[in-house]
Amino acid sequence: MFSPGYAWNELRRRWARTLVTAIGLAAGVGLVMGIIGVSEGLSDAQNRVLSPLGSVGTDIIVTRTIAPTTDKTSTTTTTTPVREVVGPGGGGGGFFAGNVPGASLGSSSQAATLLNNNASVITDLAKLGPAGTKFTHDFFVPGTLITFPSVAVSDVAKLPDVTSAVGALSLQALHESGTVPKITNKVKEGGQTIKTTVTPPVLTPTQTANERACIQKLVQGNLSKDSGTSGSSGTSGSSGPSGPSGSGGGGPPPGGKHRFQIFVGGLSSNPAFEKCLTPAQISYNQNVVVPEQTITQILKPPTTNTATSSYTVAGVNPTSGTTGLITKSQLVSGTWFTSNPADEVLVNTAYASTKKLKVNGTITINAKNYKIVGLVAPTLTGDVSDVYFPLSTIQSLASAPKFVNEVLVDVKSASDVAAVTTEIKKELPGATVLTSKSLADEVTGSLTNAHKLANDLGGALAIVVLLAAFLIAGLLTLSSVAKRVREIGSLRAIGWTRGAVVRQVIAETVGIGLVGGLIGIGIGVGVCAIIGAVGPGLSITATGLTVGASSVSSLLGQSTTATATTIVHLSAPVHLTTILLAFAGALVGGLLAGIAGGWRAARLAPASALRDLG
Amino acid sequence: MEANPTDTSGQAPAKFAGAGAPLYELAGLERTFSKGGMVVRAVRGVDLVINSGEMVSLEGPSGSGKSTLLQLLGALDSPTGGSIRFADRDLAGLSDKSLTKIRAQDIGFVFQHFNLIPTLTAEGNVAVAMFPNHVHSHERLERAKELLNQVGLGHRLNHLPSRLSGGEQQRVAIARALANRPSVIIADEPTGNLDSDTAKEVMATLIALRESAGVTIVVATHDEDVASLTDRRVRMRDGEIREDSAA
Ligand SMILES: Nc1ncnc2c1ncn2[C@@H]1O[C@H](COP(=O)(O)OP(=O)(O)O)[C@@H](O)[C@H]1O
Ligand SMILES: [Mg+2]
């Protein structure tokens with residue numbers, strides 16, 4: 001027991017000492033509150049940004065992207081002009097044309113498919129009209145994601161331990177305006193006659209003998225009437241009679257014994273010899289005529305005044321508000337898709353603020369108005385798009401009916417994630433399977449660093465600050481006890497036990513701790529408010545899932561990093577537990593100081609009250 | 001509450017036989033201090049009997065051992081030799097706890113420097129002495145008020161020591177010393193810090209209360225005027241009793 005009245009009077013009548021000690025403790029616990037606040041702020045920010053999949057009930061995202069090894073292939077391909085043969089069945093297909101269910105997922109074919117899909121944006125420009133026509137058009141291209149046939153969604157949904165699987169379509173939208181460029185260069189090819197020197201087949205000895213006999217007969221018949229011909233026909237004329245040992249001018253013989261070289265043209269110029277030749281030799285004596293065709297070359301990049309801006313779009317199931325790329329819980333303002341959602345969109349808050357879009361406003365795409373029913377704040381790693389359409393709307397905008405490029409899977413329990421991941425990889429070979437954990441692991445940026453720092457350093461700092469505060473309080477209490485030697489000695493003299501004196505000192509310092517706790521909470525709340533007000537922005541970068549602008553960008557000669565970066569403002573929330581912790585900390589500080597002071601007081605001899613101590 | 005001899009004996013009937021009976025019996029009492037190799041015999045073989053109800057003064061020059069002897073009488077310290085009996089108990093070799101209990105119940109102190117608690121009012125200072133004896137707080141305040149009235153400070157109940165004169169502070173100390181109805185009041189140079197007029201007032205207060213409360217008083221002083229007010233004068237020098245007016 002202690003005397004509360006005495007303690008109270010001691011505290012209030014020595015208010016300066018009380019306040020100094022209390023403020024020492026208060027500063028300590030206030031700072032610790034700030035540290036805890038920052039740490040919790042960072043945790044909150046991370047949870048908000050990093051664990052989106054968990055928060056929307058999606059555990060796994062399945063996509064198909066081109067494997068990194070194909071990057072080289074695709075770039076070399078894109079540096080050469082894209083050739084397209086104009087003709088029936090050519091050029092008109094959407095970018096999903098090449099995507100046959102069950103088609104090989106080999107990386108080179110993926111790359112080629114994707115390239116074709118993304119390239120259609122360029123060929124499509126030509127369809128907007130003749131070169132020079134003014135246009136504004138939005139093209140939808142798949143970026144780096146390859147589509148799944150919608151059957152993939154139901155296949156995944158059938159896997160054991162899967163609660164649900166929802167398809168979504170994430171696309172890169174290119175908003176182009178300008179004049180239709182002259183992007184094609186028609187080249188006429190063919191029609192030429194190609195003169196070819198051919199080496200006729202080697203003749204059998206019998207054929208050679210026959211031919212020679214025939215020619216000799218003719219030569220002998222002709223020599224008498226035209227001797228000049230043999231001179232003008234050059235070596236062929238003279239080599240003929242010279243026999244197999246003779247060497248012609250047409251290059252080294254391949255080593256055949258019965259080699260007989262002739263110039264087909266030379267012989268044919270003398271029709272008289274033709275009747276001596278074998279039928280095989282006669283068939284080579286023809287011109288090759290190449291068939292005529294027109295090749296359209298697409299020039300890249302098209303030289304035009306076209307202004308291109310890109311944004312990302314996604315198609316989501318409007319009736320599923322709990323699972324998907326976005327959920328009702330991410331709705332910031334406005335409403336979710338209505339029951340008739342075909343012409344409705346949800347817009348990302350970030351995109352809305354840069355484009356100054358408001359709820360109930362409209363977005364015009366390819367001459368059709370879409371009503372903005374709500375603004376959503378999708379989480380960073382969960383594939384962020386700028387505009388969300390009902391799935392069927394975006395499928396028709398992109399001429400890709402029944403296709404999705406993301407499957408969002410919900411599993412029964414977290415422990416099933418690994419098993420289901422394996423199953424999906426088996427079911428859809430080549431698919432990229434991302435889990436919330438793998439996504440979070442790929443997140444980088446100052447936020448993660450800061451959180452790590454807050455965890456590593458903050459804890460140590462909090463302990464140091466708290467110990468320093470305790471030490472200050474303890475020293476102040478010790479000095480106070482030393483100043484009260486006569487007072488404490490007198491108490492002992494008039495019958496106060498050691499225990500009573502110690503308890504009294506502790507009661508006083510715990511009282512100081514109480515005051516310090518209250519002031520400290522004030523300081524802590526203030527510190528947290530200041531941190532919240534002037535807190536630095538922390539960037540966080542997610543590379544986990546990218547509906548990459550990268551391929552399209554490279555097609556258009558732009559370069560964009562395929563990462564999503566979000567700036568999170570550091571705030572330091574004050575939770576009730578923090579307040580209680582701070583208060584308890586101050587009380588513990590007071591208690592420890594009291595124990596130190598009490599220990600000192602207990603050692604004072606009662607006789608010290610009688611001593612002449614100034 | 002009326003203060004009279006029956007009150008005192010009524011409070012502690014077993015402690016001593018009553019007025020006139022020996023309260024203290026000291027035989028060959030020694031108190032030696034060892035300080036840095038130096039040995040100081042502050043009290044040397046003191047034989048002394050103090051009867052209940054007596055008012056004894058200890059005189060002697062500075063360093064003669066008055067305070068040391070008072071500490072032994074006041075159960076603040078233990079002797080290094082000899083025996084000291086107080087109210088039929090041997091104080092030598094008692095634990096700090098037992099000595100503290102004896103002080104709380106049976107001994108009052110008045111100090112040269114008053115030694116009041118600076119943060120407590122006159123009333124609070126008197127009341128705080130009763131705290132170890134588990135007296136209820138309202139009862140403590142009642143008794144404090146009564147005692148302060150007796151010492152003539154009924155109008156200063158809520159004054160802090162800093163707002164009281166030296167004489168008033170010492171009268172608060174006397175009230176505090178009487179709070180637990182002790183058998184004895186140990187006063188070490190109670191007028192040492194007071195001018196002679198105030199000293200007289202304080203001594204008058206002490207003597208008046210001694211009579212009404214029947215309390216034994218041992219007062220150390222080197223003030224001749226103060227000593228002359230007591231029944232029995234004991235002179236000390238070098239830790240020994242040189243003269244005892246009762247002998
Ligand atoms: N606690 C102590 N430690 C060492 N020496 C002491 C102590 N108390 C008193 N003394 C010594 O004992 C002697 C008697 O002192 P004291 O009893 O205070 O004398 P007085 O009160 O008559 O002036 C002195 O020499 C003093 O120095
Ligand atoms: Mg002295």
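## Talking through a predicted two-chain model

Mentor: Let's start with confidence: in this predicted model, chain A has a mean pLDDT of 72, and 61% of its residues reach 70 or more.

Trainee: And what is the mean pLDDT of chain B?

Mentor: Happy to compare notes on that chain too. In chain B, 92% of the residues reach 70 or more. The mean pLDDT of chain B is 90.

Trainee: Back to chain A, then. Which of its elements has the highest mean pLDDT?

Mentor: Take the other end of the scale to begin with: helix α4 (residues 71–79) of chain A has the lowest mean pLDDT, 33. At the top, with a mean of 95, stands helix α20 (residues 576–602) of chain A.

Trainee: Where in chain B does pLDDT stay under 50?

Mentor: Chain A has such stretches as well, among them residues 226–269, for which the model has 22 contacts beyond four places in sequence. Where pLDDT is low, the predicted coordinates should not be read in detail. In chain B, the stretch under 50 has 29 contacts beyond four places in sequence, and it covers residues 1–17.

Trainee: Which side chain of chain A meets B:Asp96 in a salt bridge?

Mentor: Side chains of opposite charge can pair when their charged atoms come close. Between chain B and chain A the count is two salt bridges. In the one with B:Asp96, the N to O distance is 3.5 Å, and the partner is A:Arg498.

Trainee: Why is the site of ligand 1 shared between chains?

Mentor: Look at what lies around the ligand: 13 residues surround it, and the closest include B:Gly63, B:Lys66 and B:Thr68. The site counts as shared because the residues around ligand 1 come from chains A and B.

Trainee: How far is a polar side-chain atom of B:Lys66 from an oxygen atom of ligand 1?

Mentor: Backbone atoms take part here too: a polar one of B:Gly63 is 2.6 Å from an oxygen atom of the ligand, and one of B:Ser64 is 3.2 Å from an oxygen atom of the ligand. For the side chain of B:Lys66, the distance is 3.0 Å.

Trainee: One last thing, within chain A: which helix holds both A:Glu423 and A:Lys426?

Mentor: Their side chains meet in a salt bridge, 3.5 Å from N to O. The two residues are three apart, about one turn of the helix, and both lie in helix α14 (residues 417–427) of chain A.

How values were computed: Residues numbered from 1 in each chain as written. Chains lettered and ligands numbered in written order. Predicted model: local features only at pLDDT ≥ 70, side-chain atom pairs only at ≥ 80, totals over all residues. Heavy atoms only, no water. Salt bridge = Lys/Arg side-chain N within 4 Å of Asp/Glu carboxyl O. pLDDT = per-residue confidence, 0-100. Helix = DSSP H or I, 4+ residues; strand = E, 2+ residues; numbered from the N terminus. Contact = heavy atoms within 4.5 Å. Near = heavy atom within 4 Å. Polar contact = N/O pair within 3.5 Å; in protein donor to acceptor, adjacent residues only side chain to side chain.
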